[in-house]
Amino acid sequence: MSGRHTLIRSLHDVGLAAWFGGSLMGAVGLNGAANHEGSTVAAKARIASVGWTRWVPVNAAAIGAHLFGGGGLLAANAHRVKTQQGVGASTTAKTAVTAAALAATAYARVLGKKVDLASSSTPEENEKAGRHPIDLDKAHRQLAFAQWAVPALTGCLVVLNALHGEQQRPMAQLHGMWEHARSMTPLVP
């Protein structure tokens with residue numbers, strides 16, 4: 001990178017940290033507490049739903065910050081992505097894992113909202129749930145998987161972020177650009 005990009009790097013990293021940490025704490029702490037404190041399946045679902053619903057705006061801001069920062073870093077490092085061997089592949093991997101983490105996050109939210117409606121005690125939400133009945137046991141199993149998929153995928157993003165940091169070391173840049181140039185040069189017989 002030719003210059004400092006502290007703001008976009010901070011948005012990228014803090015957003016990812018909150019997305020990863022919040023999803024891990026939710027899966028371990030919030031869901032664990034709901035399972036411990038709830039006396040019925042519906043009560044456990046309500047406790048977890050209240051906590052996850054409160055987390056949604058913070059999580060959305062974290063994801064937005066991460067994506068904005070990631071786009072800024074991609075623009076700032078476009079030359080390296082094109083010319084340093086290995087950076088394009090790791091960027092592609094990071095993009096694919098980010099898409100998977102976004103899909104898992106959205107899927108978990110949709111399932112969570114369905115469970116929330118199905119376990120609600122309010123007449124309005126019961127009416128909504130009645131119009132779109134779900135198999136609550138199946139939804140709970142899918143939600144348990146999706147809620148663990150999010151920290152697993154965002155944890156992979158943390159590792160790929162570390163790889164990108166290593167690729168920015170001066171010697172790694174020099175070696176990667178040399179290998180890229182060498183691969184682009186036809187062999188002379």
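Predicted model: local features only at pLDDT ≥ 70, side-chain atom pairs only at ≥ 80, totals over all residues.
Local features need pLDDT of at least 70 and side-chain atom pairs count only at pLDDT 80 or more, while totals for chains, interfaces and linings use all residues. Residues are numbered from 1 along each chain as its sequence is written, and side-chain values use heavy atoms, with hydrogens and water left out.

The protein has seven helices and zero strands (DSSP runs numbered from the N terminus: H or I of at least four residues for helices, E of at least two for strands). Of its 189 residues, 33% count as buried, that is, under 20% relative accessible area with a 1.4 Å probe and protein chains only; exposed is over 50%, and partly exposed lies in between.

Two packed helices are described by the angle between their axes and the distance between the axes. Helix α1 (residues 6–37) and α2 cross at roughly 165°, their axes coming within 7 Å. That makes α1 roughly antiparallel to α2 (an angle over 145 degrees; under 35 is roughly parallel, 65 to 115 roughly perpendicular and the rest oblique). Helix α2 (residues 41–76) also crosses helix α4 (residues 87–118), at roughly 160° with the axes within 11 Å, so α2 and α4 are roughly antiparallel too.

On the surface, Leu24, Val28 and Trp148 form a nonpolar patch with about 280 Å² of accessible area together. Such a patch joins nonpolar side chains (Val, Leu, Ile, Met, Phe, Trp, Tyr) within 5 Å, and like charges within 9 Å, from residues with over 30% relative accessible area and no salt bridge (a side-chain nitrogen of Lys or Arg within 4 Å of a carboxyl oxygen of Asp or Glu). Trp148 sits in helix α6 (residues 136–167) and counts as partly exposed because its relative accessibility is 44%.

Key: Areas by Shrake-Rupley, 256 points an atom, 1.4 Å probe, with all protein chains shown as cover. Axes fitted to C-alpha atoms, helices over the stretch in contact; angles between N-to-C directions.
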